[in-house]
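Work through the exercises below with the sequence and the model at hand. Each task is followed by its solution.

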Amino acid sequence: MITDQLKAILEETRNQIKEATSPERAEELRVKLLGKKGQLTEILRSMKDLTPEERKEAGKAANETKANIETLIKDKMNELKDAQKKLRLHAERLDVTEPGKWPKIGFKHPLTQIIDEMTDIFMSMGFEQVEGPEVETVFMNFDALNADKFHPSRDMTDTFYITDKTLLRTQTSPVQARTLLTKEPPMKIISPGRVYRCDTPDATHSPVFHQVEGLVVGEGVTMADLKGTLAEFAKQMFGQDTKTKFRPHHFPFTEPSAEVDVSCFKCGGKGCKVCKGSGWIEILGCGMVHPNVLKVGGIDTEKYTGFAFGIGVERIAMLKYEVDDIRLFYENDERFLKQFK
Ligand code: DAH
């Protein structure tokens with residue numbers, strides 16, 4: 001009887017073990033059969049009712065069955081653990097010969113590069129860099145700079161107004177007024193930054209662009225200092241052979257005022273596509289600071305004089321790199337920007 005039961009158990013175990021797919025399942029089977037409350041343990045316990053003769057035989061059979069089951073489970077367990085290990089090793093495989101992933105390293109935007117180049121040149125001449133706000137008062141942007149009440153640039157169609165009294169600065173020149181109000185002469189500052197105008201974007205216009213403003217105030221500052229400073233800037237920026245030409249012009253905040261041309265850095269002055277055949281390229285506006293502007297800053301105009309200049313960054317970048325559409329600078333197309341790496 002008991003031997004039949006044992007046979008049946010062994011047979012069933014064999015099948016179940018065959019189907020086990022994890023070591024956990026094999027362990028479960030072991031507990032079910034051989035554990036304290038396991039099937040086999042139950043059978044061994046029930047042997048106490050047998051005669052000593054029967055018990056001896058049944059005991060032997062039970063021990064054999066137990067040993068068989070243990071071996072079955074142990075073998076299965078080993079087999080499953082091996083398989084698991086193989087899987088894990090495969091998943092954790094590390095190919096040390098695989099090429100690394102290179103991080104993409106950024107670089108400065110071409111306009112930033114030009115601004116850096118300009119500020120480096122002026123810093124080497126002893127200028128200090130200052131900042132001004134892009135949201136500016138109408139007073140600083142126009143009135144303090146001696147702009148006529150009816151100056152066309154004040155028009156709503158030319159300037160982005162925020163309120164009656166505030167606007168997006170149309171030029172970096174208000175930094176002049178702010179500096180005059182906060183610093184004592186002598187002063188020598190430059191201020192690069194963004195400016196805004198109501199322009200529809202096209203190849204040469206953008207509603208946002210950049211300027212670098214310059215201001216020098218001190219005792220005995222003359223037009224000769226202005227010319228010397230800007231001629232040196234042009235040489236460092238465009239090459240030592242660069243010549244400068246000062247053409248009379250008008251700005252409200254300077255008197256006299258001038259526009260500065262440099263000899264074409266592409267053709268050296270012979271005439272080419274970059275300089276449109278003239279041999280000269282206009283690069284900036286400048287002049288001697290108007291006494292009215294100095295007065296707003298509380299500067300003694302009997303004692304001090306000064307000069308100022310404003311340079312368009314995009315214009316210089318476009319000339320230098322022969323870029324024919326200003327919009328390329330703002331589109332963030334990597335194919336364009338990569339050229340300036
Ligand atoms: N603010 C002028 C503009 O936006 C540029 C300029 C001209 C600035 C002459 C100056 C200057 O400081 O002296 O067109």
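**Exercise 1.** State how far apart the centres of domain 1 and domain 2 are.

Solution. Taken over C-alpha atoms, the two centres are separated by 92 Å. Domain 1 covers 2–91 and domain 2 covers 110–340, with bounds from an automatic or database domain assignment. The model is predicted: local features need pLDDT of at least 70, side-chain atom pairs count only at pLDDT 80 or more, and totals for chains, interfaces and linings use all residues. Residues are numbered from 1 along each chain as its sequence is written, and side-chain values use heavy atoms, leaving out hydrogens and water.

**Exercise 2.** Describe the surroundings of the ligand.

Solution. Start with the count: 15 residues surround the ligand, each with a heavy atom within 4 Å of it. The closest are Gln171, Ser173, Gln176, Arg197 and Glu213. Next, take the atom pairs. An N or O atom in the Gln171 side chain is 2.8 Å from a ligand nitrogen. A ligand oxygen lies 2.6 Å from a polar side-chain atom of Glu213. Finally, a polar backbone atom of Phe309 is 3.3 Å from an oxygen atom of the ligand.

Note on methods
A polar contact is a pair of N or O atoms within 3.5 Å; within protein, one must be able to donate a hydrogen and the other to accept it, and residues adjacent in sequence count only if both atoms are side-chain atoms.
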